[in-house]
Amino acid sequence: MSEKRVHLSKTEPAAYQALDAFARTVGEICAANGIDDRLKEIVMIHSSQLNGCSFCTRLHVDRALKAGLDTDTLMQIATWRESDVFSDREEAALELAEAFTFIAEDGISDEVYDRVGGVFTEKEYAALSWACVSINAFNRVVIAGRYPVPPRQAQAQPQAQA
């Protein structure tokens, strides 16, 4: 992706700042309504993966690590339906993230709404829904602008012992 694109956050910073303020508000709503950073970051990562947004995936993996997620759990997010590492709450949140990410296909079906609503309170459901709206908006801005995701500096790896 070498083609340079309009960088929306630089070209119209007021709109980007409003989106950023919205995201901070969503974070406050999540915290106030019982959605911890671990759960929120799982949703952010999965939505970003589904949208193909490597910039946001990297950003939220970094945040997830700071929130205490281990690498094994992080590696299982993309294949959560075949994994046993997630709690019922995490699985419901992942399912909601998928429904919001692909909302144009089926909306939020009654089946998903009932299953997720059976796990979360109304306030938790609303907080997670706003988190999904927020990350999907950011994914679109970043993907449209082709924000770069350069390789990181190689980190020293522990030497295997023979």
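Tutor: Start with the words for angles: under 35 degrees counts as roughly parallel, over 145 as roughly antiparallel, 65 to 115 as roughly perpendicular, and the rest as oblique. This is a predicted model, in which local features need pLDDT of at least 70 and side-chain atom pairs count only at pLDDT 80 or more, while totals for chains, interfaces and linings use all residues. Residues are numbered from 1 along each chain as its sequence is written, and side-chain values use heavy atoms, with hydrogens and water left out.

Student: At what angle do helix H6 and helix H8 pack?

Tutor: Two packed helices are described by the angle between their axes and the distance between the axes. Axes are lines fitted to C-alpha atoms, for helices over the stretch in contact, and angles run from 0 to 180 degrees between N-to-C directions. Helices are DSSP runs (H or I, at least four residues), numbered from the N terminus. Here H6 (residues 88-101) and H8 (residues 110-117) pack at about 150 degrees, their axes 9 Å apart. The two helices are therefore roughly antiparallel.

Student: Which residues make the contact of H6 with H8?

Tutor: Contact means heavy atoms within 4.5 Å. H6 supplies Ala92, Glu95, Leu96 and Ala99, and H8 supplies Val112, Arg115 and Val116. Five of the contact residues are nonpolar, none polar and two charged. In this count Ala, Val, Leu, Ile, Met, Phe, Trp, Tyr, Cys and Pro are nonpolar, Asp, Glu, Lys and Arg are charged, and the others, Gly among them, are polar.

Student: How many salt bridges does a search of the whole structure find?

Tutor: A salt bridge is a side-chain nitrogen of Lys or Arg within 4 Å of a carboxyl oxygen of Asp or Glu. The search finds eight. One of them joins Asp62 to Arg152, with the closest N and O atoms 2.4 Å apart. Asp62 lies in helix H4 (residues 54-66) and Arg152 in the segment after helix H9 (122-145), so the pair ties together parts 90 residues apart in sequence.

Student: Is Glu124 buried or exposed?

Tutor: Buried means under 20% relative accessible area, exposed over 50%, and partly exposed in between (1.4 Å probe, protein chains only). Glu124 has 10% relative accessibility and so counts as buried. Its salt-bridge partner is Arg89, at 3.2 Å from N to O. Arg89 lies in helix H6 and Glu124 in helix H9, so this pair ties together parts 35 residues apart in sequence. Arg89 is partly exposed, at 29%.
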